[in-house]
Amino acid sequence: MRFGFRRLILLSLIPLISFTGCEQPQVKFVFSQKTNELIPEAAKPVKEALVRQFGNPFELTQFEGLPTDFGDVQGTVKSVESSGKDQPLIRFQATGLENAYDKLLGLPLEWTSGKGQGHISRIKEYDFETGTIAVEKSPEIDPQSGDTFLIECVRLQFGRDLYNRHCMHCHGMSGEGTGPTSRYLNPPPRDFRLGIYKYTSTKPTSKAQEADLARTVKEGIAGTYMPSFKLLTDDEVSAIVNYVIWLSIRGETEKKLVDELYLDYSETAMAERTSEEGGETREEVLEELKEYMELDFPDTLEFATSSVAEAWEEANLEDAIVIPQKPRVADTPESRERGRKLYLSQKTKCASCHGPQARGNGTATQDFWTNPATNEKYSERGLHDIWGNLLPPRDLHRGIYRGGRRPIDTYRRLYSGIKGTPMPAFGGSLTDEELWDMVNYVMSLPYDGNR
Amino acid sequence: MGKGWCLFFLFWPIAAVVSCAMAPFVGWSFPYNNAQAASNLGIRIDDLFYIILIVTAIVFVGTQAVLVYALWRGANNREERATNIHGNHKLELIWSIIPGAILLFLAIYQMNIWADFRIKKYYPEAAVKDPLAEVTARQFEWRFRYPAIGKKLQQKPQPDDLYSVNELHVPFGKPVMIQLRSDDVQHSFFLPALRIKQDALPGLQIPVWFEANKPGTYDLVCAELCGWGHYKMKAHVIVQPEDEYQAYLKNLTQKQFYDGLGKIAAKDTGTESEAVEK
């Protein structure tokens with residue numbers, strides 16, 4: 001035989017190897033490390049609540065009261081196209097889908113009236129131009145003109161699809177910042193689950209505006225691996241931002257729930273409580289937990305989601321945004337000098353982190369700092385951000401402005417600080433003139449000839 | 001060898017010629033609906049491409065015809081035996097000199113185009129004197145630095161320089177030059193519609209000039225496999241009339257020196273944050 005079996009087997013192995021060789025990222029929402037450190041009896045209701053409230057990446061769940069746009073669309077059947085017996089699909093024209101664009105393909109469609117009421121069909125074809133939908137044929141449904149149906153989470157799912165295509169490989173499936181490429185990046189991709197974003201236009205205690213996140217997506221962050229996605233349309237960017245905020249809300253809700261439980265019901269707490277000094281038995285602790293779960297947990301959940309949702313809603317109100325009371329002070333040598341003095345003063349203490357020459361090498365970079373979350377010292381010298389990463393203060397001579405290079409961006413960095421980092425907010429302690437003097441000084445540094 | 005093989009070898013040159021001839025009509029030819037190059041130099045490069053295409057087509061069809069003829073004759077002739085020869089001096093000379101001459105012709109013929117494209121001495125003077133922008137490639141985006149309106153691009157960044165990302169605006173109908181740099185790895189500045197392609201190397205500043213001849217939005221892509229996100233490194237070059245270009249720069253200036261109180265209409269900037277701020 002000229003072409004041996006051995007060779008045939010080898011050849012047929014090639015596609016098999018190439019399929020199995022590819023590592024696929026896990027398609028599920030992960031839970032935080034703290035959640036996993038809870039005792040199983042406490043972790044279970046938290047996880048169940050999250051799945052109930054937010055679903056999984058395949059099926060996002062909606063619940064009322066979130067500031068994100070789920071994009072439910074309510075449609076009405078206009079006319080049904082006659083279809084042959086052996087046609088596997090039912091085609092009909094529908095109205096009410098004007099805002100759904102062409103994002104309906106593959107989504108479940110729930111019949112809300114007519115014979116099929118309560119049944120769910122899968123959308124197999126959708127023509128945005130003509131408004132024609134095709135669904136699988138099934139004995140339970142028989143669409144007639146006038147029947148209504150509901151398609152849920154259109155907007156959110158559109159955002160999810162775009163996120164998974166463009167953002168997921170760094171930021172991770174659940175926005176936890178550990179996508180497949182993340183291990184190669186420094187600074188590491190942001191973990192969205194704290195709901196904290198560095199570069200915002202809002203006041204120190206407020207969350208980010210949707211517009212801030214949209215700007216970050218469109219412009220990228222200079223000096224980091226976050227590239228610009230300017231070629232996406234405004235609609236696509238806003239859908240991504242919508243989904244990112246939704247992921248943040250999911251993460252924050254989880255954090256709030258776990259924080260309530262962690263002190264008493266983590267594995268470590270359990271070990272302590274049931275040790276000789278603790279003097280409790282495991283059964284006693286579980287009984288107490290059971291009581292908490294029955295009486296207080298629903299309220300905690302309700303409060304957690306509503307407070308997070310409220311915070312995001314408030315950030316988008318007009319008075320959350322930082323707007324200077326006075327226009328920029330003219331960028332003169334005198335103004336820069338006033339700014340330099342402020343920079344070096346005890347009032348601002350800028351030099352202690354950024355260094356007397358603004359090279360990012362202040363004395364603070366040589367200290368061992370305490371982690372506010374764990375109350376333990378970090379193992380490395382230098383400042384850290386809230387995500388636990390080492391964070392060298394910026395060398396202000398480099399002319400790289402991560403949060404944008406407009407004067408207002410620098411003003412806002414000074415006014416509100418940089419959220420999640422040790423950079424403090426000077427909004428209350430410095431006047432507008434002083435802030436603008438500092439802006440003029442800082443923005444002149446890359447060009448002062450002392451490079 | 002059977003006649004089946006003759007047909008097999010006959011089929012491929014025919015398929016190649018037919019698919020080449022069909023290419024412009026089914027969108028397999030030049031980018032953007034087989035449009036003419038959007039730069040004058042690009043049109044000359046296209047002409048060069050066609051000359052080479054014609055020469056190679058003639059050679060290809062000729063050699064394939066001879067091959068098929070030889071096969072066909074061999075397949076039909078069972079009596080004649082092959083003779084063992086040790087080369088033919090005359091033949092060797094012919095098939096060395098003719099391709100050599102063709103290559104020499106092409107080499108000399110394209111010299112002007114090459115010089116105009118790559119040798120700085122031959123660049124249009126106006127473009128060299130006043131570079132349009134500095135283009136910095138980095139994983140995975142394109143960053144642009146323009147000089148302030150009325151000023152010239154300096155080697156080092158200036159306080160009033162204008163910056164943008166992934167959107168290079170260019171006036172049309174006049175030659176422009178950019179300074180190409182790379183922040184990290186090797187990238188390649190590729191404007192398929194203008195037939196411009198130049199590698200960007202870390203540590204080097206490479207001048208590239210082009211003259212767009214019709215307004216439009218063209219792709220700027222990275223043609224070097226620069227990393228995992230390479231496919232994302234897509235930007236737009238927006239070719240527009242001089243006055244629109246100046247208006248863009250003016251708008252960019254306004255936007256860049258925005259102090260939170262100025263008057264930037266939301267529609268001009270295309271960002272929503274200003275709309276909220278207003």
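A: Here's a walk through some charged pairs, one at a time. This is a predicted model, where local features need pLDDT of at least 70, side-chain atom pairs count only at pLDDT 80 or more, and totals for chains, interfaces and linings use all residues. Residues are numbered from 1 along each chain as its sequence is written, chains are lettered from A and ligands numbered from 1 in the order written, and side-chain values use heavy atoms, leaving out hydrogens and water.

A salt bridge here is a side-chain nitrogen of Lys or Arg within 4 Å of a carboxyl oxygen of Asp or Glu. That rule gives 32 salt bridges over all chains.

Start with Lys255(A) and Asp259(A), whose closest N and O atoms sit 3.1 Å apart. Both belong to helix 7 (residues 234–265) of chain A, 4 residues apart, or about one turn of the helix. (Helices, H or I with at least four residues, and strands, E with at least two, are DSSP runs numbered from the N terminus.) Lys255(A) is partly exposed at 39% relative accessible area, and Asp259(A) is partly exposed at 34%. (Buried means under 20%, exposed over 50%, partly exposed in between, with a 1.4 Å probe and protein chains only.)

Now try Arg406(A) and Asp409(A): their salt bridge is 3.1 Å between closest N and O atoms, and both residues are buried.

Over in chain B, Glu134(B) pairs with Arg181(B) at 3.5 Å. Glu134(B) is in strand 1 (residues 133–138) and Arg181(B) in strand 5 (residues 176–182), so this pair ties together parts 47 residues apart in sequence. Glu134(B) is buried at 6%, while Arg181(B) is partly exposed at 30%. These two also join Arg145(B) and Asp161(B) in a salt-bridge network.
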